[in-house]
Amino acid sequence: MSALRIHVDGMGLWSPQLGDFDALRSLLDGGSPPPPPARPAAARMAPNERRRAPESVLLAVEVAGQAVAMSGREAASLACVFASSHGEQSITDYMCATLAHSPTELSPTRFHNSVHNAPVGYWTIAVGCHEPSTAVCAHRASFGAGLLEAAGQVLAEQRPVLLVCADTAGSGPLGKVIGGEQPFACALVLAPAASPATRARLDIQLNAGGEGTDLEPPLSGWRAGNASAEALPLLAMLARGTGRCQLAAGPRLGLQIDTEAVA
């Protein structure tokens, strides 16, 4: 099949080491960007909602806000795809422990924050968005699966789409199985055609998968430490302006992505 061609209008990123996409670009250029505050600002949310929200929501809303601001688009006008490998791990750990020992004490508030589409729900409420939203999960391939879903919507509907992928660090016994060592989140605003806001063009070719693109330290360690950081090969290409990478989108499905900067 022919390549899926889409355009990138905005990028967002947050990790304990990098507070935004410009920090990644600075790092790859040999700089030493200062680390962000320990808690994502998630400034698009109302203060009372921000105080109550779990970390997975703060991560997703923070990078979504960054990407939309860079794109110059109205957040309320964007359909969105939110992906996550493991969701809110600390709440999942709490729920498992509570159900095992004191099931009648399970908190309804914490339960509603455990569902996989909680971050996209918080985002759409915060920005007043009534456009379609999708939640995607595909284990370590969640970013690739989300990118494929978002690209399909961009091209089928001929409209811009916000893609967000975020995972928290592991927690409790579940964290020992998953191995998540730190939080990571990223976002892209994708569009069907180039515009004055466009930063890059992506040509996506589906294949049978295989080995992912190698990364140098420290990016390689960050990718190993969080499932959403599987996006780093593409993010690094976007920061450098050009290149090709391979991402997983499923057990036997891969994405070969060619990137070219748009002036």
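This report describes helix packing, nonpolar cores and some backbone features in a predicted model.

## Basis of the description

The model is predicted, and local features need pLDDT of at least 70, side-chain atom pairs count only at pLDDT 80 or more, and totals for chains, interfaces and linings use all residues. Residues are numbered from 1 along each chain as its sequence is written, and side-chain values use heavy atoms, with hydrogens and water left out.

Helices (H or I, at least four residues) and strands (E, at least two) are DSSP runs numbered from the N terminus.

## Helices α3 and α6

Two packed helices are described by the angle between their axes and the distance between the axes. Helix α3 (residues 55–71) packs with helix α6 (residues 118–127) at an angle of about 50°, and their axes are 9 Å apart; the axes are lines fitted to C-alpha atoms, for helices over the stretch in contact, with angles running from 0 to 180 degrees between N-to-C directions. That angle makes α3 oblique to α6, on a scale where angles under 35 degrees count as roughly parallel, over 145 as roughly antiparallel, 65 to 115 as roughly perpendicular and the rest as oblique.

On the α3 side, the contact (heavy atoms within 4.5 Å) is made by Ser-56, Val-57, Ala-60, Val-61, Ala-64, Gly-65 and Val-68, and on the α6 side by Ala-118, Pro-119, Tyr-122 and Trp-123. By class, this contact of α3 with α6 has nine nonpolar, two polar and no charged residues, where Ala, Val, Leu, Ile, Met, Phe, Trp, Tyr, Cys and Pro count as nonpolar, Asp, Glu, Lys and Arg as charged, and the others, Gly among them, as polar.

Seven of the 10 residues of α6 are buried, so α6 is largely enclosed by the rest of the structure; buried means under 20% relative accessible area, exposed over 50%, and partly exposed in between, with a 1.4 Å probe and protein chains only. The buried residues of α6 are Ala-118, Pro-119, Val-120, Tyr-122, Trp-123, Thr-124 and Val-127, and they pack against α2, α3, β2 (79–83), α5 (108–112), β3 (133–136) and β4. Just after α6, Gly-128 takes a positive phi of about 70°.

## Helix α10 and its packing with α1

Helix α1 (residues 21–28) packs with α10 at an angle of about 75°, with axes 9 Å apart, and the two helices are therefore roughly perpendicular to each other. Phe-21, Leu-24, Arg-25 and Leu-28 of α1 meet Leu-235, Ala-236, Leu-238, Ala-239 and Arg-240 of α10. This contact has seven nonpolar, no polar and two charged residues.

Eight of the nine residues of α10 are buried, so α10 is largely enclosed by the rest of the structure; the buried ones are Leu-232, Pro-233, Leu-234, Leu-235, Ala-236, Met-237, Leu-238 and Ala-239.

## The nonpolar cores

A nonpolar core is a set of buried Ala, Val, Leu, Ile, Met, Phe, Trp, Tyr and Cys residues joined through side-chain atoms within 4.5 Å. The largest such core has 46 residues, of which Phe-143, Leu-147, Leu-188 and Leu-234 touch the most other members. Helix α10 (residues 232–240) gives the most to this core, with seven residues. Apart from neighbours within four places in sequence, Leu-234 is in contact with Phe-143, Leu-147, Leu-188, Leu-202, Cys-245, Leu-247, Ile-257 and Thr-259. A second, separate core of 28 residues includes Val-61, Val-63, Ala-67 and Val-120.

## Backbone features in loops

Most residues other than glycine have a negative phi, and most peptide bonds are trans. Ala-42, in the loop between α1 and α2 (47–52), has a positive phi near 45° and is buried, with a relative accessible area of 1%. Gln-158, in the loop between α7 (142–157) and β4 (161–167), has a positive phi near 50°, but counts as exposed at 53% relative accessibility.

A cis peptide bond, with omega about 0°, joins Pro-217 and Pro-218, and Pro-218 lies in the loop between β6 (200–207) and α9 (219–224).
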